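Thanks for coming. I will go through the chains one at a time, then the places where they touch, and finish with a few single residues.

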Amino acid sequence: MLGAAMLVAVSCSSSSTPGGGASPSASTTEKPQQGGRVIEATISDIATMQPILVADTASGRVTGLLYDTLIQVDYKTGEPKPRLATFSVSSDSLKYSYEINAKANWSDGKPIIAEDWLTGLKAVGKSKKTVRKSNFQDIVGFSDYASGKATSIAGVAIDSANPKKFTVTMAKVSCPAIINLIGYVLPTQVFGKYVTDTSKDEIDSAPENTAPTVFSGPFKLTEWRKGDQVILDKNPSYWQGAPNIDQYVYKVVANQTAITNGLKTGEITFGTIQAKDLADMQTVTTVRIDKYQSLGYTYIGWNTKSPTAVGLADKRVRQALAYGLDMDQVIKAVVFGEATKQVAHHVPVQWAYPSGIQLEQYKYDKAKALALLKDAGWTPGPDGILQNAEGKKFNLTISTNSGNTERETLATVAAEQYKQLGINAKAAPEAFQGLVTKLTTGDSTLEATIIGWSLGAEPDPYSIWHSSQIPDPATKKTGFGFTGFSDPAMDKAIEEGRNPSNGDCSIAARKKQYETFNKILNENQPYNFGYSNNVLAVSQLSLQGFKPASFADVYNVFEWWIKK
Amino acid sequence: MASAATTVGGVMAPAEARPSRSLWDNAWYKLRRDRLTIAAAATLVLLALLSVLAPVFADHVFHYKFEQQDLFHTYEKPSFDPPAYLLGTDEVGRSQVVRLLFGGQVSLFVGFVAALVNFAVGVPVGLAAGYFRGPFDDFINWLITTLNGIPQIYLLLIIAALWQPGPLTLIAIIGFLNWTGITLYCRGQTISLREREYVTSAHAIGATHGRVIFKHILPNILPLIFILAAIDVGGIVLLESALSFLGLGILPPTPSWGNMLTGGASYFVRAWWLVVSPGVMIFLTVLCLYLIGDGLRDALDPRLKTHETH
Amino acid sequence: MRNFLIRRALYAIPTLIGISIITFAIARLSPGDPIRLFTFGINDFTQEDYLRLLHAYGLDKPIPLQYVDWLANAVRLNFGESLIYHREAGRMILERLPNTLQLAVTALVLQLVIGVPLGVIAALKRGSWADNAIRVFGVAGHAVPAFWLGQVLIIAFAIGLRWLPSQGMLTVGKDQLDLLDRLKHILLPAFVLALVGIANYSRILRTETLDVLGQDYIRTAHAKGLRERVVVYVHALRNSLIPVVTALGGILATLVGGALVIEQVFSWPGIGQFTFQAAIAKDYPIVQAGVMIASTLLVVSYVLRDITYAIVDPRIKVA
């Protein structure tokens, strides 16, 4: 928003095409018309309107419209930018100073002050049901407050002269803090009573969690028809200027098909579609289609500790599995070309993407794959199936979550291509809930798993790739590092990118660390990194000012307008 | 339903235990003249044969394996050349017609075997409960009311999440859930039959329980069982497709008509042939089974009411 | 009679207890951990966080103990707090129950309004093309997968012709009491839900009417002239409707069950769709509340059906 229009597209391959050939958005000089309604669809009902309790996308969307955040990330680059507050970080990266915009007021007219951010922080400390506690663990005194040992948080200091200014002191250098500390700015006049010195976890069941009354965002809650729709009306006193549109309705539908149908009929104003529906959507003359790269990727994770698929422990075998799968052809077949091949962890739109170094692209090469397998001791047996020196056959079960057509197809295709290498591969979809538990607990029966990561603006890969995150069923330790792959140099790079010993959290310094990190992943292939999808955002032609990109889509909702 | 009991009994020769030969002769005679039922049965047998012989067709007619992919020929329209593209190809270039035949194997297998389980459980339990009454009957009654008290789809929903739904688990789940209707019918019939004179007199001359059940009661409820069976199989084929739609049926890449229909439905506009062919197969199969059920009903006892069993 | 009513109502109690045990056991035995599920992919989510949440939701207690706790609360209509929505699960189901009932009742009305006349017409015009068409429909109506028909109708009427909306209960922004708009939304889902019932009723009514038409008094009336004939037809029809009326209780309940798939196809915000999604997300309290409430509805309607039976046909034996 702030100067967003001036920003030149950096690494993003964003493009906008009209649906059925009608002219795209109106020229920027046109004066916005007032009124109208935007309807967005969600597949599951929102869970809560309490930002600290949000654990799902739908609730995140609505709370984002009701409450503004302290700072925001640039919609195209993912770098932090001021929103409610301007900010600065001390050179040792231990002290964060914020000043909230003088104009910023709550919808009841009260100014938004530092105390409101503290209320949000205290709420996280008191809550038993939030999943965000660890975001704040490095603030001096936060753990003592959360455990009830202290009644205040020592690391937060509010300027006695200016209630809109405050500083946060960290116990140790933590680069993700700049994003994590965005935190939650909650109206103290409403939620203050749940975070007094004597309160316990009352915040978890506060009635205002489902019926908020005071807002800082561009919209305010009018009605929540449970299970059906959330109706938000514009906040006329929004500090960045009242939105042009009158109403924002967030409607619950049953599945992706319903969203696609609604976009075709105009029942839904904007939303994303799957690649398989793109060709069909392009024949609809009433919509515009924006494409941009997603902030995530779909991959095949190899269990390098698998007792059944022992081959996966060998780097050469994993490399062979990368050369042996024609990913370009797969992208064409599975997602109709709407994706970019991925050979390491970070995606191209992230600043952490290793753009400065050369990565092996693993171009499809069956001969090379077979050579690598042979090198690793896997040669065809009498039945054509690869076996090792002990005569153990190379069996490979590729699991994925059922119900996701794209991943099911990918599993089927991958299994078939690996069969061509002589691997006895088979696809095995299973219910998401069971699969997730197996992954996070390090279930040894998993051999290969197709699943996806959605990454955030903060590129820290610690919880996925640091060796401390490898689950271990023996000690009941859980984590996302289900491949079991670790490398001391990679650990070092992750740690230096997250908690640099010299306190340098600059993008340039961190980017260096992530180059090392991605290089190691690229060579060792604990995943076949698969591909990063294009997001296909469809909007009605009447919607103006809608400029979605990888990091944000409704960030400028107060500037949108409906052309009549 | 009460009238059904009387009429079935009424048709029987009351004195001698054996089912009257003329009942089956009559039925057979009527069935042979019922062209619709014969056509339905022939179609069903044809579908079953095509499915059973799927590997033969795949190898010798279509020259295409059912799991064989061709990423360069996805979404090919139906054509005669090559024969494997008779019904087009799917999203990874597999032959729709070959997969349809193999899918039939799975769907029909699930339908018939699950129905068989239904009857293997339902008939003995119903006979025993109706014949012996007492605490066993009370327990069975409680169990049935309890199971029937949960809308079936809800029950399937939570159970299907418990196991990985493959053909065999699905058979087990449906087989052990769907028996209640059959049991209720058998129980009801048995209760009314065991009060009849010829049964009581069989008892009087010292017939064992087993003899009474197998010689006097079971043969009398057989016609009903045949009718129920036809409808039951059809219901299960439909149920399999509904579960597939909810993502709880047989999981791909194992083809079943249900998951092919569900998968195809997401390519409705892009590739209609992927939706139409499994839809037609399911429709035809279920239609034939219902028609056969109707035909049997007419043939075995024209006065049996058309009340639904579920 | 009164004794029968009381006994029949009391009989529902062990049934409901059985249902609660089955529901609870199955929901808890299924694999997957809800906490893992909704925290999957959250950055810096630690093992301590996990244990804290497990404890906060009471999922760290032994399962039988959890059942006793749950049952004690469930009888007071408190089904526990949803793991995802942080609200009382029973209330969330009850909020959506009217939507499902709306769909089910409309479908029921459609079944009667379409199915009954079809059956009667077929019987009256026995052997005609109309009779044959209705008989074919009576069988074919059973053979169409409902989810598939729903999708086809959406493509035809909502996307192709643009006559009807593709989803939901009400156009966003329309007045809640806009009946015409509601009617437009309910038409397709109610029809698809009603289809099997329509086919079924047309079959029942055809047989029943044929039966009645064959009775002596009707044949006599036929001979006597029009006025008499009308009187007797009305009488005959009423007789043949008895099985229809007695089937109502069970059918309404079947509709509630069948609505699950239809709700999913048409994005109808009812309990079926909601319970289904909760089952996928392993939100135990909601799944349990959804199944319990739908089952209670079913059991109550069975009781009502049996009572209707007893009233309509006094000869019925109480088992």
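This is a predicted model: local features need pLDDT of at least 70, side-chain atom pairs count only at pLDDT 80 or more; totals for chains, interfaces and linings use all residues.

Along its sequence the pattern is α-α-α-α-α-α-α-α-α-α-α-α-α. Chain B has 310 residues, and 54% of them count as buried. If you take the contacts in chain B with a separation of 6 or more, 71% are between residues 24 or more positions apart.

Next, chain C. Chain C has twelve helices and zero strands, and its pattern along the sequence reads α-α-α-α-α-α-α-α-α-α-α-α. Of its 319 residues, 46% are buried. For contacts in chain C between residues at least 6 apart in sequence, 72% join residues at least 24 apart.

Chain A has both kinds of element, with 15 helices and 23 strands. Its C-alpha atoms fill a box of roughly 80 × 60 × 40 Å along the principal axes.

Now the interfaces. Between chains C and A, 46 residues of chain C are in contact with 44 residues of chain A. On the chain C side, the elements giving two or more residues are H2 (34-39), H3 (47-56), H5 (89-124), H7 (146-160), H10 (226-266) and H11 (271-281). H3(C) gives the largest share of that side, six residues. By class, the side of chain C that touches chain A divides into 20 nonpolar, 15 polar and eleven charged residues.

One helix pair lets us look at how chains A and C meet. In general, two packed helices are described by the angle between their axes and the distance between the axes. Here the pair is helix H6 (residues 256-265) of chain A and H7(C), whose axes come within 10 Å and cross at roughly 25°. Angles under 35 degrees count as roughly parallel, and H6(A) and H7(C) are therefore roughly parallel to each other. From H6(A), the contact is made by A:Asn261, A:Lys264 and A:Thr265, and from H7(C) by C:Ile154, C:Ala158 and C:Ile159. That contact has three nonpolar, two polar and one charged residues.

Moving to chains A and B, 18 residues of chain A are in contact with 17 residues of chain B. Helix H7 (278-281), helix H9 (327-335), helix H11 (405-420) and strand E19 (424-430) of chain A each supply at least two residues of the chain A side. H11(A) gives the most to that side, with six residues. The classes on the side of chain A that touches chain B are six nonpolar, seven polar and five charged.

The largest nonpolar core has 333 residues, and A:Ile398 and B:Leu157 touch the most other members. Helix H11 (residues 209-245) of chain B contributes the largest share of this core, 18 residues. Leaving out residues up to four places away in sequence, A:Ile398 touches A:Ile300, A:Ala411, A:Ala414, A:Ala415, A:Ala425, A:Ala427, A:Ala428, A:Ala448 and A:Ile450.

Back in chain C, is H11(C) mostly covered or mostly open? H11(C) is mostly covered, with eleven of its eleven residues buried. Among them are C:Gln273, C:Thr275 and C:Gln277. Just after H11(C), C:Lys282 takes a positive phi of about 55°.

Last, a charged residue in chain A. A:Glu515 lies in helix H15 (residues 507-524) of chain A. Is A:Glu515 buried or exposed? The cut-off for buried is 20 or more other C-beta atoms within 10 Å; A:Glu515 has 21, so A:Glu515 is buried. Not counting residues up to four places away in sequence, A:Glu515 touches A:Pro354, A:Gly356 and A:Ile357.

Notes: Residues are numbered from 1 along each chain as its sequence is written. Chains are lettered from A and ligands numbered from 1 in the order in which they are written. Two residues are in contact if their C-beta atoms, placed from the backbone, lie within 7 Å. Helices (H or I, at least four residues) and strands (E, at least two) are DSSP runs, numbered from the N terminus. Ala, Val, Leu, Ile, Met, Phe, Trp, Tyr, Cys and Pro count as nonpolar, Asp, Glu, Lys and Arg as charged, and the others, Gly among them, as polar. A nonpolar core is a set of buried Ala, Val, Leu, Ile, Met, Phe, Trp, Tyr and Cys residues joined through C-beta atoms within 7 Å. A residue is buried if 20 or more other C-beta atoms lie within 10 Å of its own, exposed if 12 or fewer, and partly exposed in between; C-beta atoms are placed from the backbone. Axes are lines fitted to C-alpha atoms, for helices over the stretch in contact, and angles run from 0 to 180 degrees between N-to-C directions. Angles under 35 degrees count as roughly parallel, over 145 as roughly antiparallel, 65 to 115 as roughly perpendicular and the rest as oblique.
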